[in-house]
Amino acid sequence: MNEKGNGSVTLSIAGTNKSASLPLLHGTMGPPVIDIRELYSSLGVFTFDPGYAATASCESKITYIDGEAGILLYRGYPIEQLAEHSSFLEVAYLLLNGELPNKAEKAEFEGGVMRHTMLHEQIRSFFNGFRRDAHPMAVLCGVVGALSAFYHDTLDINNPEHRRINAFRLIAKMPTIAAWAYKYSIGQPFMYPRNDLGYAENLLYMMNAVPAEPYKVNPVLARAMDRILILHADHEQNASTSTVRLAGSTGANPFACIAAGIASLWGPAHGGANEAVLKMLSEIGHKDRIPEFIARVKDKNSHQRLMGFGHRVYKNYDPRAKIIQRTCYEVLEELGIKDNPLFDLAMELERIALNDDYFISKKLYPNVDFYSGIILKALGIPEHMFTAMFAVARTVGWVSQWKEMIEDPSQRIGRPRQLYTGTPQRDYVPLEQRG
Ligand code: ACO
């Protein structure tokens, strides 16, 4: 961030002699940012930005998005290159530490993470407290929050070693918690993690294997899962990441913060969208019914959205959607599925929407979730587990962003202000005098 010699913005309030010169801050990429920290003290006003569409809530060096151009970079590296050449744990190292690891660093990091995959045996009993039909995201919120109760001795957020070990724990234990939430929902025995497997391979193993017979994870499917995890690992200051930062700004421990992030991710406008896409596709059912569905989406009174389309930041094709679509082909081919009605329906829906004025004029393009549900389903992951898979991946981003915030000396408690439109001050009226 460069504060000097890069201009300022003068803001004056019409009809008064009040004005303030606000510095313009420049990042390494992206639009400049007006520093309004002194706005209230110099002009006595706040800014109004519900949904934070024009507000930079923090300074970050982790992820960059150019929504107009459809560009996503982790620590400067294009997502396409990472998805093609890297692995999820290498990306995790990159997001956490800022650079790609050398061979020794990579081996040490992977070994470090994989050594923490097991859950405290007492955590098993937490699962029994849930109903069998509990949504896995409810289980994830509860169990991840409960991890704080198991690591009292390493909860000092100002201790770098505590931060490091809890980053390992969260990244390592999340697949185990997610897989156990699934096993619990279908009444199968929990599968313990296997540290001789890769991260994505182990996740698929714990989800799909049973103790009664040997299970070999298909390497093509493990690679596809790994790629899905890379694509979902971080996405700058989205709703769940901002939730993690806000919770963390109070000094809350990282397990509590990540549990808050999981809660935020759960909503259908965020991480729940891929589950909603599949529901939508099944509802449409057949290509012939697409025009009728599109008409409903365009009808302002219907509240029906084309799920998996549109994004707060991307006003172009989400680069992750392209990679997922390609990976989807690979997985279906590996599985010998020539005709996948859902995939065919999604492709046709995309084609029709991308040629429709409504979507063109509003710059609505497929986002990462449009195809991720189809691929997850092909990998044997049931729909109610989709958002939990997203949470496994995003834990890396949440932990990296939380760590960056804690290590930022200018960090303060997150405390937005408001435009109050309620009743002005008035006196209490005794009950007998009220009409
Ligand atoms: N289908 C139909 N119309 C849409 C859609 C959609 N998917 N998305 C936005 N629009 C329309 C809105 O109706 C609005 O139209 P208007 O200006 O005539 O009122 C306009 O486009 C702008 O929409 P907003 O809701 O203001 O855009 P916002 O940036 O707040 O929302 C969001 C972004 C939530 C992602 C939205 O596009 C959406 O609901 N998409 C479907 C859900 C989805 O796929 N979410 C996943 C996001 S990616 C992720 O979290 C990993």
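**Entry 1. The whole protein**

How much accessible surface does the protein have, and what share of it belongs to carbon and sulfur atoms? I found an accessible surface of about 22,100 Å², with 53% of it belonging to carbon and sulfur atoms. Accessible areas come from the Shrake-Rupley method with a 1.4 Å probe, and for residues only the protein chains shown count as cover.

I noted that this is a predicted model, in which local features need pLDDT of at least 70, side-chain atom pairs count only at pLDDT 80 or more, and totals for chains, interfaces and linings use all residues. Residues are numbered from 1 along each chain as its sequence is written, and side-chain values use heavy atoms, with hydrogens and water left out.

I recorded 18 helices and 6 strands in the protein. Helices (H or I, at least four residues) and strands (E, at least two) are DSSP runs, numbered from the N terminus. The radius of gyration is 24 Å, close to the 22 Å that the globule rule gives for 435 residues, so the protein is as compact as a globular protein of that length. The radius is taken over C-alpha atoms, and the globule rule is 2.2 Å times the number of residues to the power 0.38. The C-alpha trace spans about 80 × 65 × 60 Å along its principal axes.

I then looked up burial and found that buried residues make up 47% of the 435 residues. Buried means under 20% relative accessible area, exposed over 50%, and partly exposed in between (1.4 Å probe, protein chains only). Of the contacts (heavy atoms within 4.5 Å) with a separation of 6 or more, 69% are between residues 24 or more positions apart.

For charge, I listed 45 positive and 47 negative side chains, with the centres of the two sets 3 Å apart. Lys and Arg count as positive and Asp and Glu as negative, while His and the chain ends are not counted. The place of a charge is taken as NZ of Lys, CZ of Arg, CG of Asp or CD of Glu.

Is helix α3 enclosed or open? I found that 9 of the 10 residues of α3 (residues 88–97) are buried, so this helix is largely enclosed by the rest of the structure. Among the buried residues are Phe88, Glu90, Tyr93, Leu95 and Leu96. Gly98 follows α3 and has a positive phi, near 95 degrees.

I next turned to Ser400, which lies in helix α18 (residues 386–406). Ser400 counts as buried because its relative accessibility is 3%. Apart from neighbours within four places in sequence, Ser400 is in contact with Ile62, Leu95 and Leu96. Leu95 and Leu96 are themselves buried residues of α3.

**Entry 2. The loop between α13 and α14**

Two histidines of this loop were looked up. His311 is located between α13 (290–298) and α14 (319–334). With 24% relative accessibility, His311 counts as partly exposed. Which residues does His311 touch, not counting those up to four places away in sequence? I found His235, Arg320 and Asn367.

A polar atom of the His311 side chain lies 2.9 Å from the backbone nitrogen of Val313 and 3.3 Å from the backbone nitrogen of Tyr314. A polar contact is a pair of N or O atoms within 3.5 Å; within protein, one must be able to donate a hydrogen and the other to accept it, and residues adjacent in sequence count only if both atoms are side-chain atoms.

His303 is also in the loop between α13 and α14. His303 counts as exposed because its relative accessibility is 74%. Its phi is positive, about 60 degrees, although His303 is not a glycine.

**Entry 3. Thr327 in α14**

I placed Thr327 in helix α14. At 2% relative accessibility, Thr327 counts as buried. The side chains of Thr327 and Arg227 are joined by a polar contact of 3.3 Å. Beyond its neighbours within four places in sequence, Thr327 is in contact with Ala224, Arg227 and Ile375. I also noted that the C-alpha atoms of Ile375 and His311 are separated by 20 Å.

Glu68 is in the loop between β4 (63–66) and β5. At 48% relative accessibility, Glu68 counts as partly exposed. Leaving aside neighbours within four places in sequence, I found Glu68 in contact with Val313, Lys315, Asn316 and Lys363.

Arg75 lies in the loop between β5 (71–74) and β6 (77–78). I recorded a positive phi near 50 degrees for Arg75, a residue other than glycine.
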